[in-house]
Amino acid sequence: MFFKKLLILILISFFPLLFFSQTVKIHGTVKDENNIDLPYVNIFTKDNKIQDVSDSSGRFSITVPSKYKFLYFQFQNDEPVQVKIPANESSFKMNITLGATNKIEDVVIEADKVNATGIISVEAKISEVLPSISGGIESLIKTELGVSGARNELSSKYSVRGGSFDENLVYVNGIEIYRPQLIRAGQQEGLSFINPSMVSEAKFSSGGFEAKYGGKLSSVLDITYKHALKNEFSASASLLGGSLFYQRLSKNKKLSILSGLRYKTTKYLLNSLETSGDYNPRFIDFQTYISYIINRKYDIRFLANMSDSRFNFIPKSGVTNFGSIEKLLSLNVYYTGQETDQFYSNTAALSFNFHPDKNLNYSFNLSAYSANESEKFDIIGFYDLNQLNNDIGSDNAGDSILNLGNGAYMQHARNCLLISGLQVTHSGYFKKNNHYFNWGIIYKHDSINDKIDEWNLLDSASYSIPQNKEKLDIFENIKSKNKILNNRFTAYLQDKYLIQDYLMQYEFIGGLRVQYNTLAHETLWSPRIAIAAKSLGKNKHVFRFSSGIYYQPVFYREIRKFDGSIAADKTAQKSVHFVLGHQFQFHALGRNMKLYTEIYYKKLNNIIPFEMDNIRVKYYADVRTSGYVKGIDTKIRGDFVPGIDSWFSLSFLKTEEKITDFNNDTSFYIPRPTDQRVTANLFVQDYLPGNKRFKVFMNFVFGTGFPFGEPKNIEEKAEYRSFSYQRVDLGASAVLINENKKYQNKFFNYFKSVWLTVEVFNMLDIENTISYRWIHVVPNSSIAVNNINNNFPVPYNLTGRRFNLKLSIKI
């Protein structure tokens with residue numbers, strides 16, 4: 001029976017689609033509860049065989065077979081609204097009104113569609129309630145397939161399927177977003193570019209993505225900002241900062257203005273670190289997005305962002321206990337000096353869209369950005385390294401029993417980086433029958449000016465390291481000035497083809513991306529394909545396969561060597577993706593469930609090895625090698641609590657790179673710094689029994705240890721592994737004012753909603769490690785007798801348990 005069905009499917013797939021003998025033509029306008037036209041509303045049948053979208057003025061026209069009884073309308077990521085189709089009609093007008101609710105937003109399973117590239121929709125609204133220090137859309141991305149968020153809760157950076165932090169694409173309204181380059185640690189990192197309050201749609205792919213995305217090896221996050229649908233003001237304030245957001249829609253519904261102001265400070269959190277001192281972080285971000293619909297065929301949009309991130313720090317002292325039960329060590333450091341960092345950036349983008357009809361669109365974009373980054377520090381540390389008594393039953397347990405070394409170090413830096421860029425883009429799409437064509441032409445110019453003045457002095461037991469009887473040598477001295485100009489030209493073309501019958505849907509995507517840059521003078525060809533098949537039975541299965549060649553042309557830090565000079569080889573890194581995926585939607589235990597599974601393999605060529613120093617990626621710029629990544633990701637998502645989604649994800653991976661020992665003429669593989677073999681994430685949300693005004697959230701993150709070794713030693717950079725990363729964050733929200741309720745005090749009726757959130761970060765108060773610093777001591781007689789190594793990796797531990805209180809309002 002199975003082979004008979006399979007044969008029928010194969011035969012049908014080579015013939016045109018069967019047409020229905022009787023159809024119904026439906027046309028009309030979609031509006032919201034304030035009688036405002038809703039643009040780009042998704043319209044579809046229950047089985048997704050028939051799909052369309054309203055135009056920029058909310059108008060639509062769709063033809064459906066008469067066998068369908070209902071039509072579904074979905075605006076952005078809201079719940080689909082079911083509308084009954086009148087019987088015995090061949091053509092009629094249907095004006096639709098979509099309402100809105102004002103509760104703490106739920107997250108529910110989205111419609112399951114055939115999806116060859118595996119791009120998933122991310123529910124931006126949940127970032128408002130997800131308990132997270134870094135916040136924003138990136139906090140949600142860390143819970144997705146193949147993404148490792150088990151590294152640093154202070155940072156919005158993430159690793160995808162064994163890639164570095166620098167291998168992830170981020171687009172906002174088609175513009176690739178610049179990220180600061182000089183940031184060393186998570187406590188220096190400010191606000192993410194993406195303002196969640198302004199997001200209409202967020203799409204993410206962890207590999208095997210389409211030809212219209214390119215320039216990085218690992219992943220793509222594609223953000224689209226919304227067109228205002230009503231006038232609204234919202235604000236939030238917490239112990240970690242606050243935000244203001246305003247959206248306004250003109251009376252004729254054509255002009256939309258979104259503006260957001262955000263402020264963040266992590267001083268309260270940083271006081272839980274092992275290094276005590278005067279932390280003064282201050283991060284400010286202002287963003288505005290203006291869109292104007294000229295008429296049904298033309299619209300214009302403008303996006304501007306200004307970000308000012310400052311981090312000032314005067315360290316005082318720090319105590320780090322580390323080692324094992326058999327050998328417990330303690331490092332005591334006393335500091336003098338200070339650090340002053342500033343990261344300032346501006347971005348502006350102007351776009352013009354021409355869409356003669358709903359099947360054709362031309363887009364023209366002009367964008368520019370600039371960044372001014374500086375780091376200045378002069379810090380002296382006096383340290384004392386001791387071995388502690390590990391006999392728990394003794395009276396002096398935890399006291400020092402052996403001094404392993406003492407000394408001092410001095411770190412100095414006056415670094416300045418100026419970056420500016422200009423991008424001109426033309427893109428478009430064309431729909432005809434079952435084809436959906438995308439194309440684009442991109443020109444990008446980058447200008448980089450880097451001035452490096454940095455040195456480190458190490459002194460242990462009155463011995464300067466390195467030792468030199470003739471003169472005083474500095475352990476590290478970097479002085480360099482680099483200027484880079486680069487022009488990049490890119491073009492892409494792809495076609496998406498959809499066919500379907502009564503039993504299956506098929507999607508085929510083929511595309512080609514071509515790049516050329518003047519820095520390396522190389523032309524890069526990136527063909528990509530994707531195939532998917534979806535069953536239309538009771539339990540819907542989606543099988544997909546995608547593959548392609550992905551290049552990452554160098555930007556700057558990849559080719560800057562440890563001494564500050566620029567490497568001669570400026571060619572692009574290369575990765576070939578193979579992704580096999582399966583999605584399964586089913587009903588179990590009275591709940592809607594969806595199971596995702598993906599198996600992948602990435603072949604890496606001409607890659608630049610790197611090591612991790614906190615969140616800074618430090619490249620061996622003059623080395624090129626090969627490697628691989630292989631693994632499996634799985635995620636189950638469902639409304640375990642009726643009406644709201646929770647999920648659990650689990651990933652296994654292995655990634656290695658080839659290292660050549662030229663002295664012995666041998667080659668061998670070592671784990672890459674992102675080789676966390678197992679990572680897991682559990683997000684759960686629930687209501688208080690009998691009262692939906694109270695809602696609780698839990699986010700659990702786990703990751704096995706990452707490889708590390710002595711810095712600037714490529715052969716031994718993966719000699720050790722850190723301890724595992726484990727973290728539990730909790731949140732609880734209560735609705736204080738609900739728009740649907742009328743209050744005797746008229747003042748409360750001015751608010752659409754008010755809710756209070758309490759958060760507990762790192763509830764179990766687990767010490768997680770982000771990286772290691774190496775303490776060098778000169779062996780004395782006591783150490784020599786005990787045969788103790790003179791190099792000690794001391795962990796940099798992350799934040800401890802902290803509480804947060806947040807108040808959010810909408811007017």
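Arginine 672 is buried, with a relative accessible area of 2%, where buried stands for under 20% relative accessible area, exposed for over 50% and partly exposed for what lies in between (1.4 Å probe, protein chains only). The side chain of arginine 672 meets that of glutamate 657 in a salt bridge of 3.4 Å, N to O, a salt bridge being a side-chain nitrogen of Lys or Arg within 4 Å of a carboxyl oxygen of Asp or Glu. This pair links distant parts of the chain, with glutamate 657 in strand β35 (residues 644-661) and arginine 672 in the loop between β36 (666-671) and β37 (678-688), 15 residues apart. Helices (H or I, at least four residues) and strands (E, at least two) are DSSP runs, numbered from the N terminus.

The model is predicted, so local features need pLDDT of at least 70 and side-chain atom pairs count only at pLDDT 80 or more, while totals for chains, interfaces and linings use all residues. Residues are numbered from 1 along each chain as its sequence is written, and side-chain values use heavy atoms, with hydrogens and water left out.

**The chain as a whole**

- The chain holds four helices and 45 strands, and buried residues make up 54% of its 811 residues.
- Among the contacts in the chain with a separation of 6 or more, 67% come from residues 24 or more positions apart, a contact meaning heavy atoms within 4.5 Å.
- The accessible surface of the chain comes to about 36000 Å², and 57% of that surface belongs to carbon and sulfur atoms; accessible areas come from the Shrake-Rupley method with a 1.4 Å probe, and for residues only the protein chains shown count as cover.

**Salt bridges**

- Side chains of opposite charge can pair when their charged atoms come close, and the structure holds 27 salt bridges.
- Glutamate 657, the partner of arginine 672, is buried, with a relative accessible area of 0%.
- Arginine 560 forms a salt bridge with aspartate 450, and the closest N and O atoms are 2.8 Å apart.
- That pair also links distant parts of the chain, since arginine 560 lies in the loop between β29 (540-552) and β30 (573-588) and aspartate 450 in strand β24 (residues 435-460), 110 residues apart.
- Aspartate 450 counts as buried, at 3% relative accessibility.
- Aspartate 675 and arginine 677 form another salt bridge, with the closest N and O atoms 2.6 Å apart; aspartate 675 counts as buried at 0% relative accessibility, whereas arginine 677 counts as partly exposed at 31%.

**Strand pairing**

- Strands of a sheet pair through backbone hydrogen bonds, either parallel or antiparallel, and two strands are taken as paired if DSSP finds at least two bridges between them.
- Strand β12 (residues 168-172) runs parallel to strand β15 (residues 219-225), to which five bridges join it, and valine 172 stands opposite isoleucine 223 in β15.
- β30 pairs with strand β31 (residues 591-607) in the antiparallel sense over 15 bridges, and the bridge partner of histidine 577 in β31 is lysine 602.
- In the hairpin of β30 and β31, which has two residues between the strands, leucine 589 takes a positive phi near 55 degrees.
- β31 is also joined by 13 bridges to strand β34 (residues 625-641), and these two run antiparallel; in β34, arginine 637 is the bridge partner of lysine 594.

**Nonpolar cores**

- In soluble globular proteins, nonpolar side chains tend to be buried together.
- A nonpolar core is a set of buried Ala, Val, Leu, Ile, Met, Phe, Trp, Tyr and Cys residues joined through side-chain atoms within 4.5 Å.
- The largest nonpolar core has 36 residues, and those with the most contacts inside it are Ile194, Phe204, Leu221, Ile223 and Tyr225.
- The elements that give two or more residues to this core are α2 (137-141), β12, β14 (199-205), β15 and β17 (241-249).
- Isoleucine 194 touches residues including Val170, Val172, Leu221 and Ile223, not counting residues up to four places away in sequence.
- A second, separate core of 26 residues includes Leu182, Phe343, Tyr369 and Ala371.
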